[in-house]
Every structure is written in structure tokens, then in C-alpha cells.
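Open the model in your viewer and colour it by chain. This tour moves from one selection to the next.

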Amino acid sequence: MDALLTVTNLHKRFGTQAAVESISLHVAAGDVLGIIGPNGAGKTTTIKMILGLLEPTSGTIELLGGSSNDASVRNQVGYMPESPTFYPYLTGQEVLDLAGALFRLPKDVVAKRSKELLETVGLADAANRQLRGYSKGMLQRICLAQALINKPAVVFLDEPLDGLDPVGRIRMREIIIKLRSEGTAVVLNSHILSDVEQVSTHVLMLDKGTVKAFGKVSEVVPSGKTLEEVFMQTLGLIPEHAEHPKKKSR
Amino acid sequence: MKLRHPLTPAWAIATATFRESIRDKFILGITAVGVLITGLSFTTGAISLDQGTRVIQNTGLTAIFLTTLFITIFTTTSSMSRDTERRALYFLFPKPVSRAQYTLGKFLGASILLSTTLWLMTLLFAVGYSAIDRSWTGYSSILTTTLFAWMEMELIAGMALLFATFAAPLNAALYTIGFTVIGHSFVVLQEYLARQDGSESTLKLVDALAVVLPNLEKFSVRDELLHGLGLPTIWIVGTVAYAILYTVFLVFVAARMQRQREV
């Protein structure tokens with residue numbers, strides 16, 4: 001299948017510090033790429049470069065056949081940033097109206113789409129409340145809704161499961177799986193490896209800005225092992241053939 | 001699907017900025033204090049013998065302009081940094097929104113806020129003023145003074161916006177206040193140098209600075225109007241053109257500066 005996103009040999013340096021080194025990846029329609037790695041691994045920096053928010057030091061990024069700086073490309077992209085608080089005095093509905101206006105979508109389309117999305121993320125009852133009254137989980141959900149207002153072909157989710165209660169996590173996983181079934185490409189960053197393993201078709205493991213593993217989940221995670229075990233072993237946190245401490249105690 | 005007008009994103013950012021500001025209790029508090037001080041100006045008339053209406057106009061309009069000035073500088077300089085702190089830029093810039101549209105939206109948001117504050121307070125003041133003076137001269141003086149102050153505030157908002165693109169909010173506010181004070185000092189400085197028999201080169205330097213830096217004294221027409229002096233049409237046209245061109249220039253430079261920033 002044709003790749004919607006192709007990243008080749010991407011590098012980013014902040015002064016003398018290398019944040020990302022030689023990352024290459026590709027994502028096709030209906031793929032869910034889970035990017036995992038410890039703090040400072042370069043996950044968010046990679047996403048920001050793909051979205052054109054940071055200038056790469058070197059390397060190429062092709063998103064939807066063009067550059068992420070093109071308005072025509074951005075029209076088909078959604079982004080849910082990490083820990084959003086953006087406009088505390090706007091209501092959930094107003095945030096979605098604003099997002100729709102930024103895409104220049106007609107008002108009736110925004111109204112219809114925002115109603116659907118508020119239902120999907122479970123915020124229909126809180127649509128007219130200001131964001132400053134939202135819990136962290138509600139902020140995550142309204143942020144997801146704004147990322148989907150334009151029915152994007154590729155959506156980037158930065159720590160989408162952070163701050164959600166168990167029900168919120170299940171709902172978020174269901175939304176990601178639904179997006180996948182509709183042919184939307186999803187790129188997500190997360191520390192919650194069990195959820196990444198459940199929803200992703202592909203996984204990119206980063207450590208200190210370098211790729212430790214990239215491929216289909218079935219290729220990266222051998223049968224009988226979990227993504228968490230592979231992650232811990234790859235990063236040298238437990239020996240290659242040792243059992244995961246959690247498994248042992250069971 | 002027919003997309004909305006290309007300026008829709010800028011207008012959407014402007015209305016969001018305005019809503020955010022108007023719902024902020026701090027701004028409402030400042031406006032309430034401004035209204036209170038403006039109301040108190042009516043008591044000054046009683047203690048100023050036969051100059052009552054002039055004193056009321058002077059103190060009332062000064063209170064209105066200072067309130068608007070404070071709100072303009074505070075909201076414009078803090079609005080951009082808040083967008084960074086609250087990660088609103090990550091919400092905006094992955095969407096098809098250019099830095100120029102963002103800067104224009106921020107300026108328009110500040111502009112709507114300062115216009116609302118200034119004209120609402122002036123309207124309240126004019127209603128109160130009608131109880132003591134219903135002459136056309138009085139209303140005309142209030143209206144014209146406010147119109148010129150409005151142009152000045154727009155220019156100051158442009159200045160604050162420009163400083164906010166590269167400085168922290170407090171520094172940007174201080175720079176704006178500094179340039180506002182300088183902008184009102186050229187005439188005084190020119191008169192002082194003329195009296196002191198200043199050298200030709202110094203006078204030329206001050207004249208040149210008055211052209212390059214914002215000359216805000218152009219917008220102070222209160223004294224002329226209070227003393228019944230008319231404003232020449234050519235001068236009015238020149239001042240309006242100056243305000244528009246200078247403000248557009250400031251917003252343009254702010255947009256260019258914004259383009260250089262990494263999020």
C-alpha cells in the first residue's frame with residue numbers, strides 16, 4: 001500500500017545535543033504506528049518535525065505526497081498535542097468551532113461534525129462548559145475531538161491515553177481502532193505499552209533519539225512475549241532471556 | 001465543499017482572543033475600576049468653579065484612556081505568551097494557519113477588546129455628561145477626542161504585538177510603555193530645545209526621531225477641542241493616514257518576526 005507518510009534519515013540537533021538521529025519510517029492508510037521510548041527518546045520531537053513545528057537538521061519528510069508546510073497537506077492532518085490546556089475560557093463547543101474555522105470548513109459541516117465528535121468522545125453534556133472546568137481526561141477528549149474535526153487522513157496523537165481513567169482509556173482505544181478500520185493512518189506516542197500493543201499495527205521503538213526497533217507489531221514482538229518485555233530487553237533493563245518481573249510474581 | 005473565506009482563520013483567532021480576554025475576571029475588574037474612576041470625575045466638576053464641564057471632560061476621558069491603555073498593553077503582550085504556555089500554538093499551527101494569519105488574528109482580537117472597552121466607557125461617560133451639558137460642542141469634543149485616542153490605542157496595540165513576538169510579557173509591556181512615553185514627549189522635547197537655543201543638528205535629530213518612532217502626541221487633541229480650536233482637515237487626513245500606515249507596518253513586522261519562531 002502507498003505510504004501516506006515517509007520519513008528518511010531524519011536528524012535533529014539542539015546545539016550540540018542530538019535529539020533525533022537517523023530515523024526512517026513509513027505509514028500507510030489504516031496503519032497505526034505506536035512510537036514508544038523512555039522520556040527524552042525523541043518521540044515528540046519526531047512528531048513535531050513531521051508536522052512542521054520544528055525544522056529538521058537534516059533528512060526528508062513526505063506527508064501525503066507533499067510537505068507538512070503546505071496548506072493542502074495540513075488540511076488533511078489532525079494533531080492532538082500532549083497535556084493541552086489551550087483556551088481555558090472557551091467552551092468545548094467553541095473550541096471545535098474554532099478548529100473548524102481554522103480549516104475554513106463551512107459552518108453547517110462544523111456543527112454536524114462537532115455534534116458527532118462530542119458524542120463520540122463522551123462530552124456532549126459538557127459542550128457548553130468552559131475548558132477551565134474540565135478534568136484532565138475531559139481535556140484529552142476535547143483535544144482528540146478537535147484533532148478529528150476535519151476527518152484527517154493522518155492523525156498524530158501525543159500521549160492520548162495520559163490522564164484518562166480506565167473507561168476513558170477503553171473508549172480512546174476504541175476510537176483509535178475505529179479510525180484504523182476507516183482507513184485513517186494514526187501515529188501515536190505513548191508510555192502505556194499495553195495499550196500501544198493492543199491498538200497498533202506497527203511499532204517504532206526509540207531510545208536516545210535512535211531507532212531500536214521498527215516494524216509490524218507481530219515482527220517486533222515474538223509470540224509468547226509482550227511489547228513491554230521486548231521494550232525492557234531492548235533497552236537493556238532486563239536480560240534478553242529473563243522473565244519479566246511482573247510475570248514471575250504471578 | 002466550498003471553503004470559507006481565506007481570512008476566516010484570522011477572524012476565528014481574533015474572536016477566540018477576544019472571548020478569552022472578556023471572560024477573564026482580571027480584565028473585567030480593571031474595566032470596573034476604570035468605570036468607577038470615570039464616574040468619580042463628575043464630582044470634580046463641583047469643586048472647579050466655572051470650569052466644571054472642562055474639568056469633568058478632562059478627568060473623565062483621561063480615566064477612560066488610561067484604563068484602555070492598560071488593558072491594551074496587558075492583553076496584547078500576555079496573549080501571545082499564554083498561547084505558548086498553554087500549548088495553543090500546537091493546536092493552531094499544525095492546521096492550515098499561517099503565522100501572518102495568526103499575528104493578524106491576535107491584533108484583531110486585541111483591537112476588538114480595546115474598541116469595546118473604549119467605546120462602551122465613552123458611551124457611559126457621554127450619558128452621564130448629558131446631565132450637565134447637552135451642547136453639541138460638548139458631545140463633539142468627547143467623540144473627536146475618543147476617535148483620536150482609539151487610533152492611538154490601535155497603534156499601541158501594534159507596538160505591543162511586535163514586542164511580544166520576541167520578548168517576555170513583562171519586558172514587552174515595559175518596552176511598549178517606554179515607547180508610549182517617548183511618543184508623547186517629542187513635542188515637549190522640541191519646544192524645550194527650541195527655548196534652550198539647541199543646535200541645528202540636535203533639533204534635526206529630534207525631528208527625525210519623531211518621524212521614525214511613533215509620534216503619539218499627534219493624537220492628543222483634547223486641549224485644542226476643550227479650548228474651542230478647530231482641527232484643519234488636511235491635518236486630520238494626515239493623522240489618520242499616519243495611524244493606519246504605522247499600525248499596518250507594526251503588524252507586518254510582527255508577522256515577519258513570528259515567522260522566524262520555532263514552536
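Which residue of chain B forms a salt bridge with A:Glu94? Select A:Glu94 and look across to chain B: the partner is B:Arg19, with the closest N and O atoms 3.7 Å apart. Bear in mind that this is a predicted model.

**Stop 1**

B:Arg19 lies in helix H1 (residues 8–22) of chain B and A:Glu94 in helix H3 of chain A, so the pair joins two chains. Is A:Glu94 buried or exposed? A:Glu94 counts as buried, because its relative accessibility is 15% and the cut-off for buried is under 20%. B:Arg19, at 34% relative accessibility, counts as partly exposed. Salt bridges that share partners join A:Glu94, B:Arg19 and B:Arg23 into one network. The interface of chain A and chain B has two salt bridges by the rule.

**Stop 2: the whole interface**

Widen the view. Select the residues of each chain that contact the other: 37 in chain A and 30 in chain B. About 3,300 Å² is buried between the two chains, and carbon and sulfur atoms give 61% of that area. Highlight A:Tyr89, A:Leu102 and A:Arg104. In chain A, these three lose the most area to chain B, together 24% of what that side buries.

Across the interface of chain A and chain B, 13 residue pairs are in polar contact, both residues being at pLDDT 80 or more. Which helices of chain A each supply at least two residues of the side that touches chain B? Select helix H2 (71–74), helix H3 (92–102) and helix H4 (107–120) of chain A. H3(A) gives the most to that side, with seven residues. Colour the side of chain A that touches chain B by class: 21 residues are nonpolar, seven are polar and nine are charged.

**Stop 3: a buried lysine**

Go to B:Lys95, in the loop between helix H4 (88–92) and helix H5 (99–129) of chain B. B:Lys95 is buried yet has no salt bridge. Where is the nearest side chain of opposite charge? B:Asp83 is the one, 13 Å away. Look to chain A instead. A polar contact of 2.5 Å joins the side chains of B:Lys95 and A:Gln146.

**Stop 4: a buried pair within chain B**

Select B:Asp83 again, this time with B:Lys106. Their side chains meet in a salt bridge, 2.9 Å from N to O. The pair links distant parts of the chain: B:Lys106 is in helix H5 of chain B and B:Asp83 in helix H3 (residues 52–85) of chain B, 23 residues apart. B:Lys106 counts as buried at 4% relative accessibility. B:Asp83 is buried as well, with a relative accessible area of 4%.

**Stop 5: a pair within chain A**

Finish on A:Lys178 and A:Glu182. Their side chains meet in a salt bridge of 3.2 Å, N to O. A:Lys178 is partly exposed, with a relative accessible area of 49%.

How values were computed: Residues are numbered from 1 along each chain as its sequence is written. Chains are lettered from A and ligands numbered from 1 in the order in which they are written. This is a predicted model: local features need pLDDT of at least 70, side-chain atom pairs count only at pLDDT 80 or more; totals for chains, interfaces and linings use all residues. Side-chain values use heavy atoms; hydrogens and water are left out. Contact means heavy atoms within 4.5 Å. Buried area is the accessible area (1.4 Å probe) that two parts lose on being put together, summed over both. A salt bridge is a side-chain nitrogen of Lys or Arg within 4 Å of a carboxyl oxygen of Asp or Glu. A polar contact is a pair of N or O atoms within 3.5 Å; within protein, one must be able to donate a hydrogen and the other to accept it, and residues adjacent in sequence count only if both atoms are side-chain atoms. Helices (H or I, at least four residues) and strands (E, at least two) are DSSP runs, numbered from the N terminus. Ala, Val, Leu, Ile, Met, Phe, Trp, Tyr, Cys and Pro count as nonpolar, Asp, Glu, Lys and Arg as charged, and the others, Gly among them, as polar. Buried means under 20% relative accessible area, exposed over 50%, partly exposed in between (1.4 Å probe, protein chains only). Lys and Arg count as positive and Asp and Glu as negative; His and the chain ends are not counted.
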